[in-house]
Amino acid sequence: MDSTGQHSDSLVVLTALDVEYAAVRAHLVDPRPQLHPSGTLFEVGRLDGTPWRVALAEIGDGNQGAAVLTERAIAMFQPRAVAFVGVAGALKDDIELGDVVVATHVYAYHGGKDEEGEFHSRPRVWPVRQELDQLARYIRRSGSWTGLLPEGPPGTSCPPGTSRQTGGSCPPGASRPAVHLKPVAAGEVVLNSADSPLRRQLRRNYQDAAAIEMEGAGVAQAAHLNAALPALIVRGISDRADGKKYDADAEGWQSLAARHAAAFAFAVLRELPPARGPAPPGPGTPTGPVPGFPQGPTAPVPDHPASPPPAPVRHPDAETPPDTGPAAHRQLLRWARRFADDLDLVDSPRPDGGTASPPQLSGGLYVRRAIQDRLVEALYDGDPKAVLVTGDAGNGKSSLLWGLARDLTALEDAEVFLVNAAWLLRPPSGASAAPMLTPGAVVSGATHARTHGRTPVVLLDTADLLLHDDYHEMALLDLCEDLAAAGVRLVLTSRPEEANRLRTGFVRMSLGPYDDSEIPHAIRGHAAFYCPDAVPRDDEARVRRLMEPVARGLPVREVCRSPLQLRLLFELARDDGAFPSAEIDATGLYRRYWDHRVVTDRRHHGHQRATAPEDLSSVTGAIAVVLMSAGRTELSREDLIERLTSPPGGPSWPYEPARVRTSLELLIDRGVLARGASDGIHFFHQTLFEYAAARGLLHLTGAQAPLSLCAWIGSHPRDFFVGAILEQLLMLAAASERYHDPVRDTLMRMAAHEDAMILHTVAVAVAARNPAVGVPVEPLLATAPHGVARRYAVLAPTVRDTDVDALLPRLRGLWERKEPSLEEAVLEALERLAAQDSLAVHAAWPSGAAYGN
C-alpha cells in the first residue's frame, strides 16, 4: 500500500456508514487501498470519463471525528473539493423517502448557552460555496443525474414492496426522486421522535432546515479552515426522524437513499472544472460581454452554468498581514470620522456660494428613532451579542448608525468606529488585490481601544453588500466572531432579504419607516432648513399640510414615511422656492429628482447662470451600469474612468477620459455622486444607484433588459444586488405603455420560476404598484410565502387611483391565511382604502368582519 499521496486532480469523498461507502464505491473505477500514516484507510479510484482521482473513506458517525478525518484527508490529497455523501432524516413533510437533499448551509445546532433554565441557541453556520451550489442547481434542472442510478432508468426509486409515501407497493415507472437544495442541521444525536425537546428546538430555531444528520458540520468546518475549500454535502432521505426510523431502515430505505445521494453527488462532481490557479472571488454579478454595453447581467444565460472560479480562495487578510494595533487603530479611527462626516452631510451645498449652513443631520435634519434606546441597552447588556438591524431601502439605517454613534460617543467609556461595509469588499480587479480595509485591521484597531480603557463599538453599515457571494459572507461571519471573541460590541445594518443569510447568533431589531409620531418632527426640521420662508410659515400649519394627506392614505404617505424620500421631497421643493406639494408619489419623486439634478441643475433657483446646465443622463446611467457590472456600489475614480472609456470584453462607451472626469465632478457638485474613502466614488444613496442603473439599462437595451436580468437571477437566485435593480427597471418600464407587453411577459416568467425567491418578491411588488400592466396577481399570491404576501398588502393600497373593488377580494384571501403580521398589514390596507372609498370597504368587510368577529 502507498502511504502518502498528493494529487491536484483529486477529490475526497467521505461516508459514515458501510451502506453509504458501498453506494459511493460503485461509481469508482479500479479503487485501490491507500493508507494514511496515522492509520486511516482510503480507497483511491478513478471517476470514469473525467480527470478526477477520488479518495474514499468511511469515517464513522459524529461531527468531531468527521472534522479530524476531513482535515487528515485534505492534508494528504490536497483535493480540489471534498464531499460527504450519506443518508439523513427528513425534517419537512414535503420531503419524501428516497429524495435527495443538497445542503446550502450546514447548521451545527448544538452550540448554545443554558441560563436560568432557558437554552439560548448559538450555532455555527457554514454556507456552501456558490460554484457547487450553482452546479447542483444545474444538475437538478437537467435531471441527467438519474442516469447514474444503478437500479435502472429514471423512475425506479422505491425498494421492492414499498411506496415512497405509504409503505405499500411502488409501481415501476414511479416518479424520480426529488432534489431539494436546503439547509441541513448537524448534531451529535440520532433524532427519532416527532415531538422531543430536540425536535421542538429545531422547529423553533432552524425552521428552514430540511434534514438532520451527524457529520456535515465537521466536514464543513474543516473545509472552511483550509482556505474555504469547496465542500459538498449530499444526503439521501432514509427516514423522517419521527419514531419510525427503524421501520424505514428495515424496508431498505438506507441503501436506496445512499445510492440516490451518491448518484447526485457524482453528477455534480463530474461537472466540477479542474483548478486553474488563483481566481478572485467575484460578486454575484455577471461579467460576460453584452451587445450594447460592457459586462453586465443582460448577457444571455447559457444552457449550462459558466465555469465558476475553481481555485480555493484565501481569507482577505491572507495576502496582506493585519496591521498592528496602534496603526490599525489610527487608520480605523481616521476612516470612521470621515464616514461620520459623510453621513452627516446629506446634500451638496447650494451653488450660490452663500453663507448658509450646509444641509446636515447635526443641523436639525436628524430625527431620533425610537429604536436607539433599545440598541444602547442591547450593547451594554451583561452578555452583549452582535445586534443586526434590518430595514428596507430608504428607512434610514445609515442615519440611525450616525445618531447611535453620537449617543455612544457621549458615554465616557465608549470608542465608536463607524465602518462602511463597502471598504471590506475585495476589488474586482484581481486575486492579489486587498480590500481598502481588511477585517483584520478592523479587529486589531477596535481591540486596541481597550489599551486606553475604552469600550470599543463597531457600527457596520450596509452589511448586505457582503452577503451577495460566499467569499464575502464567510469573511463577514469570521469578522463577527473575531470581534465577539475580542470583546468588541457590534451593530450591523442590512436590508431584510440579505439579512436572512445571517441565521442566528444576533439580536435582531427592525427599523421601519417613520411612524406617525416621528413624521411631524421630520417635517418641522426639514421645513426649517429647506424652505424657512415658504408659505405656510407656522410650524403646525406646515405639519398639517402634509399630515392630512398622510392620514387619508394618499400616495404621498409613503414619501413622508421614508426618511430618504422626505428629504428629497423638501430638497426639490427648495429648488422651486415653495413648500412641498402633497401631489406626488415615490415614482414621481425619483423622476423629478432625476430631472432636477441629472437632466439639468435646478439648484440655481433665483440665480442666473451664464450657460445652461449640461444634461448628464447618459453618463450617469453608464456609471451605474458599470458599478452594477463590477458588483460594487463604489469604485475608485480611475477605475470608473477606465471602465467607461475602455471597458474589457465589450464595445467602448462613447466617452473620452476628459469628459468622464468633468462629468464626475459635475455630478459630485450636484450631489448625485459623493466621494468615499480612498478616492472612491459612489451614488449619494444605494437606492438612487439602483434607479440610475435601471435607467441606464433601459436606455441601452430597451425591452430586452428586464428579460435578461430575470434570466440572470433565475440562474443566480441569491443575487439581491441585481434583484433590486430589476425591480427598479420593471417599475420604470411599467410606467411607459409601450413596455407593458414585455413587462407583463417578464412578470409571468418570474412568477412561474420554481426556485428564485427574489423573482417572486419583485414580481409581486411590481404587479402591486402597476395594476395597469394587467398581470393576474391571484396565482402569485396563492403560493406566495409570508413575506411576499405581506409586501403586496402593504404596497397595493399605495397606488394612485387604486381599484378598490378589485383589491378587496385579494386582501380577503390574504386575511384568510390567519397569519398575525399579515392580518396586521391587511388591516392597515383596509384603513387606507376606507379613506378612498369607505362604502366599498364596508360593503366587502361588514362591521367587525375585519377583526375576526
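Q: Is Cys480 buried or exposed?

A: Buried means under 20% relative accessible area, exposed over 50% and partly exposed in between, with a 1.4 Å probe and protein chains only. Cys480 has a relative accessible area of 10%, so Cys480 is buried. Bear in mind that this is a predicted model, where local features need pLDDT of at least 70, side-chain atom pairs count only at pLDDT 80 or more, and totals for chains, interfaces and linings use all residues. Residues are numbered from 1 along each chain as its sequence is written, and side-chain values use heavy atoms, leaving out hydrogens and water.

Q: What about Cys531, and how many disulfides does the structure hold?

A: Cys531 is buried too, at 4% relative accessibility. A disulfide is a covalent bond between the sulfur atoms of two cysteines. Taking a pair of cysteine sulfur atoms within 2.5 Å as the criterion, the structure holds 0 disulfides.

Q: Where is Ser663 found, and which residues does Ser663 touch?

A: Helices are DSSP runs (H or I, at least four residues), numbered from the N terminus. Ser663 lies in helix H21, residues 657-670, and is buried at 1% relative accessibility. With contact meaning heavy atoms within 4.5 Å, Ser663 touches Leu616 and Val619, residues up to four places away in sequence not being counted.

Q: At what angle do H26 and H28 pack?

A: Axes are lines fitted to C-alpha atoms over the stretch in contact, and angles run from 0 to 180 degrees between N-to-C directions. Helix H26 (residues 757-769) and helix H28 (residues 786-795) pack at about 15°, with axes 9 Å apart. Angles under 35 degrees count as roughly parallel, so H26 is roughly parallel to H28.

How values were computed: Helices (H or I, at least four residues) and strands (E, at least two) are DSSP runs, numbered from the N terminus. Angles under 35 degrees count as roughly parallel, over 145 as roughly antiparallel, 65 to 115 as roughly perpendicular and the rest as oblique.
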